[in-house]
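Here is a short report on salt bridges and pockets. Look through the sequence and the structure, then read on.

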Amino acid sequence: MGKLILGVDGGSTKSHLVLFDESSNCTQTAAIGALNHEVLEGSFDEFRQIICEEIAKILKAADAHSDNVAYAVLGLSGADTISQHERLTDIVKETGIRNFLVCNDALLGVSSTCPDSVGICAINGSGFKIAAVDKSGESIHTCGVGALTDDCGGGTWYGQRAISMVYNEIYKLGKPTIMKKLLFNLTGVKHREEFLDIVADRYVEGKIDLVALNSIPFEAAASGDEVAIGVLSDSAEQYAGAIARVAMDMDFPKEDTLHVALAGSVFVKQKVKILQELIEKRVADALGERPVKYIIAEAPPVAGAVIRAMQKSGIKPDTTKIKAELKKAEL
């Protein structure tokens, strides 16, 4: 049997494991639940049980064993700090795979989207995250700790800001915003007097879908609403600052085009592109005339794990074929 490549994208809600051969053919796939130890009831111990079982299962399905794996890359949500990374790495050693890399899952977006796996990935989906791999192969991931890292984006941030701005208009002499009408329509509020009671009660009871409210600032901004544009501007300020800081601090030669992957549901699915335009302008202001190319990350993150694992093992990946194989497998 030829050598196999194992890619793992371990998320907080769903995860993917895939096996590829040296010719970029997908041989096995598995879709499972969370692999983030932070959301698992049994924390690291439960992660150990799941990852050992699932890797054993996918190898068995391929009539292979750990010695057949040339290299594995596991991009794991929750691999944020040095101590977490070390503990997760020790657990993966128990699978019997000798050559592997454990990294934060945000880094997969660089390999799945940027040429030669060099660039920056900005994530705006269930969370706010910045990850980068530079020309020398050094990597970093920043942000992702909510208010502690002043993350203006990801998750339910836009919906929460819409509620705040409407509350400010009603009770704090805030500027009028058409977000009030949009919010009232989506939540069923008829009068301003019942706004807080309805929204707060539904929030506490878990009956209000804040993710669904994320679209409000974008829709309002598209109509020229000043307050909504301000919300998106605050978000753009943080994303652009994080992107520019990483570009300045790492080995990204100024004469080379800097590739920036935009990943996550807000960047990928949001049709109103004002946020992206604001980010691009502010990055340009910070980096001057350095060429920057933005790419929407449409390939599944696990593609990045496969591509990076092949590069680590000395195999030249056929990135187009890898993505096509994963699309065929509906991942």
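Lys328 is exposed, at a relative accessible area of 63%. Here exposed means over 50% relative accessible area, buried under 20%, and partly exposed in between (1.4 Å probe, protein chains only). This is a predicted model, in which local features need pLDDT of at least 70, side-chain atom pairs count only at pLDDT 80 or more, and totals for chains, interfaces and linings use all residues. Residues are numbered from 1 along each chain as its sequence is written, and side-chain values use heavy atoms, with hydrogens and water left out.

**Salt bridges**

Side chains of opposite charge can pair when their charged atoms come close. A salt bridge is counted when a side-chain nitrogen of Lys or Arg lies within 4 Å of a carboxyl oxygen of Asp or Glu. By this rule there are 14 salt bridges.

| Pair | N to O distance |
|---|---|
| Asp45 and Arg48 | 3.0 Å |
| Asp249 and Arg245 | 3.0 Å |
| Lys328 and Glu325 | 3.2 Å |

Each pair sits in a helix. Helices (H or I, at least four residues) and strands (E, at least two) are DSSP runs, numbered from the N terminus.

Arg48 is partly exposed, at 27%.

In helix H9 (residues 226-249), Asp249 and Arg245 are 4 residues apart, so about one helical turn lies between them. Asp249 is exposed, at 52%. Arg245 is partly exposed, at 47%.

**The largest pocket**

How much space lies in the largest pocket? About 1300 Å³. A pocket is an open set of points on a 1 Å grid over the protein atoms alone, where a 1.4 Å probe fits, with protein on both sides within 12 Å along at least five of seven lines; lining residues have an atom within 4 Å of a point. The volume is the space filled by probe spheres set on the points, which are joined across faces, edges and corners.

The lining has 45 residues, and the closest to the pocket centre are Asp105, Ile123, Gly125, Ser126 and Gly264. Helix H10 gives the largest share, 3 residues.
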